[in-house]
Amino acid sequence: MKRNEIGFVVTNEYKEWLTAIKEKIRSSQIKASVKVNRELLGLYWHIGADIVERQKNARWGDCLLKQMSADLKKAFPDMTGFSETNLKTMRLWYRFYADVINGQQVVDEMTSEEIIKLITSIPWGHNQRIIFKCGNVREAIFYVQHTL
């Protein structure tokens, strides 16, 4: 047994208990990170859908994204992710899966909710790589599932 500076005897029982606490902390950190990621990607999904809808109905061109980026950066100066390039990627991400989500295409009998849950379970950077490199949704879903 070892006595530390504040008069506490560090036993094996204490070390085991502390190890268990550290594991719980790490597990909670991972769970929190996954929840934050899912929420952020849900936001990106809705922004992508809104951009597609607005550009279709209002006939707004890509200048919309430049203005939108500037306005969002001004409104949320401490946040990242609202560059014009990232907004274009949000739009592309939504469009990539849109036919499946809107029921015009079926992928392995998955519902649109299951697909959205799946693609919002992996980090944004992984989603970007997948949509840039995959030729279709079926292939993308394969890589999303393997990423998980």
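Predicted model: local features only at pLDDT ≥ 70, side-chain atom pairs only at ≥ 80, totals over all residues.
## The main core

Let's start inside. The largest nonpolar core has 34 residues, and the members that touch the most others are W93, Y97, I115, I119 and I141. Helix 3 hands over the largest share, with nine residues. As general background, nonpolar side chains in soluble globular proteins tend to be buried together.

Skip its neighbours within four places in sequence, and I115 is in contact with Y97, V100, I101, V107, M110 and I141. Two of those partners, Y97 and I141, are also on the list of residues touching the most other core members.

## A greasy spot outside

Now for the surface. W17, I21 and I25 form a nonpolar patch there, and together they have about 300 Å² of accessible area. I21 sits in helix 1, which runs over residues 12–57. I21 counts as partly exposed because its relative accessibility is 30%.

## A buried glutamine

Over in helix 5 you'll find Q128. Is Q128 buried or exposed? Its relative accessibility is 19%, so Q128 counts as buried; the cut-off for that label is under 20%.

Who does Q128 touch, once residues up to four places away in sequence are set aside? The contacts are N86 and T89.

Conventions. Residues numbered from 1 in each chain as written. Heavy atoms only, no water. Patch = residues over 30% accessible without salt bridge, like charges linked within 9 Å, V, L, I, M, F, W, Y side chains within 5 Å. Areas by Shrake-Rupley, 256 points an atom, 1.4 Å probe, with all protein chains shown as cover. Salt bridge = Lys/Arg side-chain N within 4 Å of Asp/Glu carboxyl O. Helix = DSSP H or I, 4+ residues; strand = E, 2+ residues; numbered from the N terminus. Buried < 20%, exposed > 50% of the residue type's maximum accessible area, 1.4 Å probe, protein only. Core = buried A, V, L, I, M, F, W, Y, C linked by side-chain atoms within 4.5 Å. Contact = heavy atoms within 4.5 Å.
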